[in-house]
Amino acid sequence: MALLDSKGRLFGKINILDLGAALVILLVIVGIFVFPGTTGSVAQVGTKTVPIEVDLAVRGLNVRDPEQLFNNGFKKGGKTNVIIRNQPYGQIGIKSIQVLPRTVTVSQPDGSVKELPDPRTNNFSTDMLLTLEGKAQVTNNGPVLGNSKVKIGMPFELEGFNYNFNATVIDVRLKDK
């Protein structure tokens with residue numbers, strides 16, 4: 001009996017192409033389950049986790065009563081959901097909230113300019129300075145929350161029970177660096 005017959009069968013029973021395909025499938029299965037590779041994101045490889053504080057500027061948040069935000073969990077010591085570059089990060093702590101006064105610039109008769117409180121009563125626009133605190137991983141390219149780098153100038157989306165608005169990162173501080 002010949003090793004290969006005239007139809008390309010091994011020992012007259014198994015087609016050599018079918019045998020090759022079965023071996024490739026078997027090797028793929030072994031490769032997936034026996035050697036699965038590393039887990040986690042690339043940002044987590046060779047990093048350390050440190051506390052981080054992120055300052056955010058909120059400009060022109062249209063809200064009738066800012067106290068309504070504070071009564072439903074958006075307050076110092078509370079938590080807010082953060083979305084960075086359309087990627088949900090999860091909850092992060094609110095360290096401080098400072099409502100900034102609305103002002104207008106008024107030119108003076110001597111040519112100088114003064115900043116005075118805005119006299120308009122029907123202005124529903126609020127500016128705030130927020131400080132969020134959490135844990136970040138530090139890589140060679142900077143701090144990372146979730147799978148997103150945190151850099152000055154990037155937008156954060158904050159979401160809670162009765163709010164969803166954007167803020168801009170104006171400062172990033174790492175503790176215990």
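Biologist: Leaving aside neighbours within four places in sequence, which residues is Gly-60 in contact with?

Modeller: Before that, a caution: this is a predicted model, in which local features need pLDDT of at least 70, side-chain atom pairs count only at pLDDT 80 or more, and totals for chains, interfaces and linings use all residues. Residues are numbered from 1 along each chain as its sequence is written, and side-chain values use heavy atoms, with hydrogens and water left out. With those sequence neighbours set aside, Gly-60 is in contact (heavy atoms within 4.5 Å) with Arg-102, Ser-125, Thr-126 and Asp-127.

Biologist: And where is Gly-60 found?

Modeller: Gly-60 belongs to strand S3, residues 48–62, where strands are DSSP runs of E with at least two residues, helices are runs of H or I with at least four, and both are numbered from the N terminus.

Biologist: New topic: which strands does S4 pair with?

Modeller: Taking pairing to need at least two DSSP bridges between two strands, S4 (residues 79–84) pairs with S5 (residues 87–100) in the antiparallel sense over six bridges, and S4 also pairs with S11 (residues 155–159), again antiparallel, over four bridges.

Biologist: What is the bridge partner of Ile-83 in S5?

Modeller: That partner is Pro-88, while in S11 the bridge partner of Val-82 is Leu-158.

Biologist: Is Ser-148 buried or exposed?

Modeller: Ser-148 counts as buried because its relative accessibility is 8%, given that buried means under 20% relative accessible area, exposed over 50% and partly exposed in between, with a 1.4 Å probe and protein chains only.
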